[in-house]
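Welcome, and thanks for taking a look at this one with us. Please have the sequence and the 3D view open side by side as you read.

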Amino acid sequence: NRAIPLQIGRESTNWRQYDGGLDEIRIWDLVRTQAQIQAAMSTELTGAEPGLVAYWRINEGLGTAVADSSPSGLSATMFNGPTWTSGGPMTR
């Protein structure tokens, strides 16, 4: 079983697929219903929810390292000089 890095919001001079902000990233190993997603999308989780595989709150405020708040402890690194802003959760 080979680990492959996950890239979210990747952008380069050849592609401009993402132009926005991230407030949190959650990865689950189970299917969640639309109602479950909507009920929790503006709330920080505890990190111990059943089925939660990775949970980056992105609350560090500086640097490029982002802590995983799930029991998995998966590291995340942000590239290309992230711009940190205060406040959140982000709303539409």
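Here is a short tour of the core, one tryptophan, a backbone angle, a charged pair and a surface patch. Please keep in mind that this is a predicted model. The largest nonpolar core has five residues: Ile25, Ala54, Trp56, Ile58 and Val66.

**The nonpolar core**
- Ile25, Ala54, Trp56, Ile58 and Val66 together make up the largest nonpolar core.
- In soluble globular proteins, nonpolar side chains tend to be buried together.

- You will find Trp56 in strand S2.
- Trp56 counts as buried because its relative accessible area is 9%, which is under the 20% cut-off.
- Setting aside residues up to four places away in sequence, Trp56 touches Glu24, Ile25 and Ile27, then Val66, Ala67 and Asp68, and finally Leu74, Ser75 and Ala76.
- Asp68 is twelve residues from Trp56 along the chain, yet their C-alpha atoms are separated by 4.8 Å.
- With Leu74, the side chain of Trp56 reaches the backbone oxygen at a distance of 3.1 Å.

**Ile58 and its backbone**
- Ile58 sits in the loop between strand S2 (52–56) and strand S3 (65–66).
- Although Ile58 is not a glycine, its phi is positive, at about 60 degrees.
- Most residues other than glycine have a negative phi.
- Ile58 is buried, since its relative accessible area is 14%, and the cut-off for buried is under 20%.

**The salt bridge**
- How many salt bridges does a search of the whole structure find? The search finds one.
- Glu24 and Arg26 form a salt bridge, and their closest N and O atoms are 2.6 Å apart.
- Side chains of opposite charge can pair when their charged atoms come close.
- Glu24, at 19% relative accessibility, counts as buried, whereas Arg26, at 21%, is partly exposed.
- Glu24 is also among the residues that Trp56 touches.

**A nonpolar patch on the surface**
- Leu6, Ile8 and Leu22 form a nonpolar surface patch, and together they have about 280 Å² of accessible area.
- Leu22 is located in the segment before strand S1 (25–28).
- Is Leu22 buried or partly exposed? Leu22 counts as partly exposed because its relative accessibility is 39%.

Terms used:
Residues are numbered from 1 along each chain as its sequence is written. This is a predicted model: local features need pLDDT of at least 70, side-chain atom pairs count only at pLDDT 80 or more; totals for chains, interfaces and linings use all residues. Side-chain values use heavy atoms; hydrogens and water are left out. Patches are made of residues with over 30% relative accessible area and no salt bridge: like charges are joined within 9 Å, nonpolar side chains (Val, Leu, Ile, Met, Phe, Trp, Tyr) within 5 Å. Accessible areas come from the Shrake-Rupley method with a 1.4 Å probe; for residues, only the protein chains shown count as cover. A salt bridge is a side-chain nitrogen of Lys or Arg within 4 Å of a carboxyl oxygen of Asp or Glu. Helices (H or I, at least four residues) and strands (E, at least two) are DSSP runs, numbered from the N terminus. Buried means under 20% relative accessible area, exposed over 50%, partly exposed in between (1.4 Å probe, protein chains only). A nonpolar core is a set of buried Ala, Val, Leu, Ile, Met, Phe, Trp, Tyr and Cys residues joined through side-chain atoms within 4.5 Å. Contact means heavy atoms within 4.5 Å. A polar contact is a pair of N or O atoms within 3.5 Å; within protein, one must be able to donate a hydrogen and the other to accept it, and residues adjacent in sequence count only if both atoms are side-chain atoms.
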